[in-house]
Amino acid sequence: MAYVDVTMRWKKDVSFDSVPVLTHARDIRPLASLARLLSPSPIPVSAVSKLGRLLETPDRRVTSFLRRFPAVFVESVGPQYNLPWFRLSDAASRLLREERDVFVARRADVTGRLRRLLLMCPQRRLPLRVAQGMLWHFGLPEDYFKEPEYDIGQDGFRIIASGGGTFCQDDDDGRKLELIDDGKGEEMPLSVLQLNAIKFFGSTEVVPIPLFQSKGLRLKQKIKDWLEDFQNLPYMSPYEDSSSINRNSDISEKRVAGVLHELFSLFVTCSAERRRLLCLRQHLGLPHKFDRVFERHPHVFYLLLKEKTCFVVLKEAYMAGEDTAIEKHPMLEVRKKYVELMEESREIIRRRRSGNPIESYSEGVEDPLEMLP
């Protein structure tokens, strides 16, 4: 089937704009990274003040970012020169421990999602830098590849030099992450879309992509006809070889939509910043400008415009309820608790500005500012 050029109109959906774990998505990652840096003891702000670009804090100033979340970061006056120091609140420390406990208890599930990503790659490998950037989305520790205690070999991974299959322990940019067994002899997993088809139709002969229409979004009849034909097109699993597909066809587009659907279903929040997906293009065998699929299929993906950036959300994860094969990520509840602390921080700042006594629910003290001994 030849490629049909269809233009869809973006429509704001307030139901997604009110989901806390999505609306705070840009802040959660730098907040969690700073929480790990500040654990287990207080440190001066000078130790982290130059990390704004690395942590990608929205306002670029780490000090301002830390002060935005008093329920997570407790500010103190340092022992010399009255410089600000920061430490983790008790609630944030407990949350870090909970995050580690969840990973230990559900390690096979969490690491299995990264394994699926490698199985979707034709070469069954990824540049280590790209894999490192995906750890947050899969719910893996940021130092998963760096700390020997994690022993990534037990999860079926290894790091190799770019020129061969030998282990490489230095910081060479040419390192790659690959599967030890290369996935050979392994039965490929069924995608979420295939599991949905089996659940509702009893087979995978026809595999449609679940559609969820936003309120107020109306489609022209010719687009509805195209969409119906698109749903009936042959489906190719993200774990199959797609080299024989004509990239200038709607079949190729359905394959791209299927790959992205499967990818988002593996993420903690089933969402990601649009620009962060571009590095996966050639490794997943996707065409140039593959991200236009998000705009052409507003019933599948929602574009959340927030704080001068664009997040892509898989609608099925939030609108299908129990009628989906998408499995809830073990780390999702932990992320929600981070958001609760962020909301608590907003309340603390609001009460502080209003002149009312401030009670930190995390610390049980009247004021989060204190003196170091």
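**Exercise 1: A salt bridge within one helix**

Being four residues apart in helix H7 (residues 107-120), aspartate 109 and arginine 113 are separated by about one helical turn. Your task in this predicted model: find out which kind of contact joins aspartate 109 and arginine 113, and how far apart their closest N and O atoms are.

*Solution.* 
- Step 1. Look at the two side chains: aspartate 109 forms a salt bridge with arginine 113.
- Step 2. Read off the distance. The closest N and O atoms of this pair are 3.2 Å apart, and the cut-off for a salt bridge is 4 Å.

**Exercise 2: A salt bridge between two strands**

Now try a pair from two strands: describe how glutamate 178 and arginine 125 are connected, and say which strands they belong to.

*Solution.* 
- Step 1. Glutamate 178 forms a salt bridge with arginine 125, with 2.7 Å between the closest N and O atoms.
- Step 2. Glutamate 178 lies in strand S6 and arginine 125 in strand S4, so the pair ties together parts that are 53 residues apart in sequence.
- Step 3. Turn to the strands themselves. S4 (residues 125-127) and S6 (residues 176-179) pair in the antiparallel sense over three bridges. Within this pairing, arginine 125 has glutamate 178 as its bridge partner.
- Step 4. Compare the accessibilities. Glutamate 178, at 6%, counts as buried, whereas arginine 125, at 27%, counts as partly exposed.
- Step 5. Look for another partner of S6. Strand S5 (residues 157-160) pairs with S6 in the antiparallel sense over four bridges, and here isoleucine 159 stands opposite leucine 177.

**Exercise 3: The surroundings of strand S9**

Work out which strands pair with S9, and decide whether the residues of S9 are buried or exposed.

*Solution.* 
- Step 1. Begin with S7 (residues 271-273). Three bridges join S7 to S9, and the two run antiparallel. One place to look is alanine 272, which stands opposite valine 312 in S9.
- Step 2. Move on to S8 (residues 301-306). S8 and S9 also pair in the antiparallel sense, over six bridges. Here leucine 304 has phenylalanine 311 of S9 as its bridge partner.
- Step 3. Follow the chain from S8 to S9. The two strands form a hairpin with two residues between them, and glutamate 307 in the turn has a positive phi of about 50°.
- Step 4. Sort the side chains of S9. In a regular strand the side chains alternate between the two faces of the sheet. Thr309, Phe311 and Val313 point one way from S9, while Cys310, Val312 and Leu314 point the other way.
- Step 5. Draw the conclusion. Six of the six residues of S9 (residues 309-314) are buried, so this strand is largely enclosed by the rest of the structure.

**Exercise 4: Positive phi angles in two loops**

Locate cysteine 270 and lysine 289, then find their phi values and whether each is buried or exposed.

*Solution.* 
- Step 1. Cysteine 270 sits in the loop between helix H11 (250-266) and S7. Its phi is positive, about 55°, although this residue is not a glycine.
- Step 2. Lysine 289 lies in the loop between S7 and helix H12 (292-296). Phi of lysine 289 is near 55°, again a positive value in a residue other than glycine.
- Step 3. Check the accessibilities. Cysteine 270 has a relative accessible area of 7% and is buried; lysine 289 has 55% and counts as exposed.

Note on methods:
Residues numbered from 1 in each chain as written. Predicted model: local features only at pLDDT ≥ 70, side-chain atom pairs only at ≥ 80, totals over all residues. Heavy atoms only, no water. Buried < 20%, exposed > 50% of the residue type's maximum accessible area, 1.4 Å probe, protein only. Pairing = 2+ DSSP bridges.
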